[in-house]
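Trainee: Could you show me how to read the way helices pack against one another, and then how to read a few of the side chains?

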Amino acid sequence: WEFISDHSTFFAIGLIVVGFFLLILGYRIFIVSLFIAGVIGTMFAGMLLFYQFFLSKNTAMWVGWVILGISFVIGLCVGYCLARFRKVGAFFLS
């Protein structure tokens with residue numbers, strides 16, 4: 001969790017911008033909302049699982065960035081699947 005707390009400003013600004021974007025445009029960009037929710041949800045779950053079960057507190061900083069990058073790529077795939085299959089995406093979003 002040191003990685004997330006060290007870069008909390010980066011994560012906070014990014015999530016606030018995305019949240020404001022979704023707040024303003026809402027249902028008009030429903031497919032984009034599914035995609036963004038899939039990416040952010042997968043990134044959060046991936047980082048949570050890795051930090052909880054596989055990494056220690058003494059892990060190097062670059063490992064956190066690699067895990068973030070890998071979970072982002074996996075999140076892109078999950079986000080695409082949620083946007084492609086709208087009903088499944090709406091199920092997971094709700």
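Trainee: At what angle do helix α2 and helix α3 pack, and how far apart are their axes?

Mentor: Two packed helices are described by the angle between their axes and the distance between those axes. Here helix α2 (residues 8-25) and helix α3 (residues 30-54) pack at an angle of about 155 degrees, and their axes lie 11 Å apart. Helices are DSSP runs (H or I, at least four residues) numbered from the N terminus, while axes are lines fitted to C-alpha atoms over the stretch in contact, with angles running from 0 to 180 degrees between N-to-C directions. Angles under 35 degrees count as roughly parallel, over 145 as roughly antiparallel, 65 to 115 as roughly perpendicular and the rest as oblique, and α2 and α3 are therefore roughly antiparallel to each other.

This is a predicted model, in which local features need pLDDT of at least 70 and side-chain atom pairs count only at pLDDT 80 or more, whereas totals for chains, interfaces and linings use all residues. Residues are numbered from 1 along each chain as its sequence is written, and side-chain values use heavy atoms, leaving out hydrogens and water.

Trainee: Which residues make the contact between α2 and α3?

Mentor: Contact means heavy atoms within 4.5 Å. From α2 the contact is made by Leu-15, Val-18, Phe-21 and Leu-22, and from α3 by Val-32, Ser-33, Ile-36 and Ile-40. These residues divide into 7 nonpolar, 1 polar and no charged, where Ala, Val, Leu, Ile, Met, Phe, Trp, Tyr, Cys and Pro count as nonpolar, Asp, Glu, Lys and Arg as charged, and the others, Gly among them, as polar.

Trainee: At what angle do the axes of α3 and helix α5 cross?

Mentor: The axes of α3 and helix α5 (residues 86-93) cross at roughly 60 degrees and come within 10 Å, which makes α3 oblique to α5. On the α3 side the contact is made by Phe-30, Ile-31, Leu-34 and Ala-37, and on the α5 side by Arg-86, Gly-89, Ala-90 and Leu-93. By class, this contact has 6 nonpolar, 1 polar and 1 charged residues.

Trainee: Is Arg-84 buried or exposed?

Mentor: Buried means under 20% relative accessible area, exposed over 50%, and partly exposed in between, with a 1.4 Å probe and protein chains only. Arg-84, which is found in helix α4 (residues 61-84), has a relative accessible area of 55% and is exposed. The C-alpha atoms of Arg-84 and Phe-21 are separated by 21 Å, and these residues are 63 residues apart along the chain.

Technical notes:
Helix = DSSP H or I, 4+ residues; strand = E, 2+ residues; numbered from the N terminus.
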